[in-house]
Amino acid sequence: MSEPLWDSAATLAADVKSGRRTAVSIATQALARSRSVQKRLNCFAEIADDYALEAASAIDQKRARGLNLGPLAGVPIAIKDSTPVAGLGMRSGSRAYADVVATRDSVLVHRLRAAGAIIVGKTTLSEVAYSSFCDSPLTGITRNPWNPDTTPGGSSGGSAVAVATGCVTFAEGTDMGGSVRIPASFTGLIGIKPSAGRIPNDDQPSLMDDIAHHGLLARSSEDLVRGLTVAFGPDESDPLTLGKSHVSFDPPGSVAGLRIAVSSDLGFFSVEPYVVERLEAAAAILAAAGAIVTRSAPQWNRGMADAWVRHWHVHLAAHYGADLQRVQDDVDPRLWSIITNAKKYSAVELKEDEHLRTLQWKRMATFWETADVLLSPTMSRTAVAVQGDDASYHKATDDGRKHGLDLTSMFNWVPWCPAVSVPAGSGPDGLPVGVHIAAQPFRDDVALNVARVIEAALGVPVPPDSWMDTATVVTRAASHAHR
């Protein structure tokens, strides 16, 4: 079994710059670890040996010539298989894109590479990122290292597993309803949906749909900050990126005097009691650090949550429906049902949903008059079985509450508010529980400072090694597993 990479991004970059380690040696270790984990948990759509080693060698040559190296020099990372990396595949978990090879880097990827990060592979996702589970007709089921019978969450589940098992230091994901924060919670990581406009979305099918975010998953807030410092900033390719806005993460700020509102259910979700217990434990840590903790939530309702679902389903139908129709027999039938039903909505109905979204924002704005941060559960429970289905969690309980798996999607409809999931202990099954930190618009620094305090008190858990005994995973498309 190959050795995991647990070193921080700062340590790895410092070692490469000083000559204590070479970028090639780090990349070699990351690739070996990735191949071992892949056999059991299936988190990579592509492991890019030649690509990674060539990039690492270039960094070592730069150092030998006395050239300056970037802040991520030699740091191994992974990129979700729906984000373009020039020369690597971009399959998006679908047979419709099985043979697509990206011809350019996204702005985010370009920035990470320019800073010296080494991309070791592309990670698995649900087909076209539609689900909070992580399986697809193209790459099969991705499994959670905490319990391989459970899902790591989606859609950025492969990225989460790659980080949680020490294949890479941090990984990129996309988040349109929780696709970074959901797997962060299920696998015991820190994951962020930054404020809308922080990271360019030049690679999205529509630049005008502001629910989409690039985010990062890491084992520490320190690594997250190091990656975000490189990733943040405007670019003319995305007209919605923030022009003059700047955020500083260092040195970490205090949470003393910070007004933190705690809600166990956002007013209408059904949440397991043990999740509420971990939420209260996190709140107590913040109170002990000097934060002013109260109990309240925005006056949101079930109708707003359901409207986001309609918005998301239409997004999928509009941007992927035609391509998926070409391979309809090979499309995840649950996804195809979503696309078919989404075509029934009228433009007038969707515009009417914007009235609900406007009301949601107005109530959020009122809420921020008396709070700086909203602390809530990320998920309603710990990781569920890999054979699960999102639809089973979109039902109402007998008392009218939403029987939802995640509590994250609501925050993509107020996309200017940054949101972070941070580990806060475990449930009775031993699986990680995450708490969700949302901050006022564009205060990514505040959200991450709160995460730092919780992380310092509770730590970030490491999965047991029992997954090593899991039978080798056989994907449904082995010919596309590696290029």
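This is a predicted model: local features need pLDDT of at least 70, side-chain atom pairs count only at pLDDT 80 or more; totals for chains, interfaces and linings use all residues.
Residues are numbered from 1 along each chain as its sequence is written, and side-chain values use heavy atoms, with hydrogens and water left out.

An open sheet of mixed pairing is formed by 11 strands in the order β1-β3-β2-β6-β8-β7-β14-β15-β11-β9-β10, where strands (E, at least two residues) and helices (H or I, at least four residues) are DSSP runs numbered from the N terminus and two strands pair if DSSP finds at least two bridges between them. Because β1 (44-47) and β10 (292-295) stand at the edges with a single partner strand each, one side of each is left without a neighbour in the sheet. On average, neighbouring strands of this sheet are turned by 25° against each other, direction ignored.

Strands β14 (residues 419-426) and β15 (residues 432-439) pair in the antiparallel sense over six bridges, with A419 opposite A438 in β15. Strand β9 (residues 259-262) pairs in the parallel sense with β10 over four bridges, the bridge partner of I260 in β10 being V293. From β9 the chain crosses through helix α8 (residues 273-288) to β10 in a right-handed β-α-β crossover, that is, with the strands pointing away from the viewer, the path from the first strand over the helix to the second runs clockwise. Strand β9 also pairs in the parallel sense with β11 (residues 373-377), over three bridges, and V262 stands opposite L375 in β11.

Note on methods: Axes are lines fitted to C-alpha atoms, for helices over the stretch in contact, and angles run from 0 to 180 degrees between N-to-C directions.
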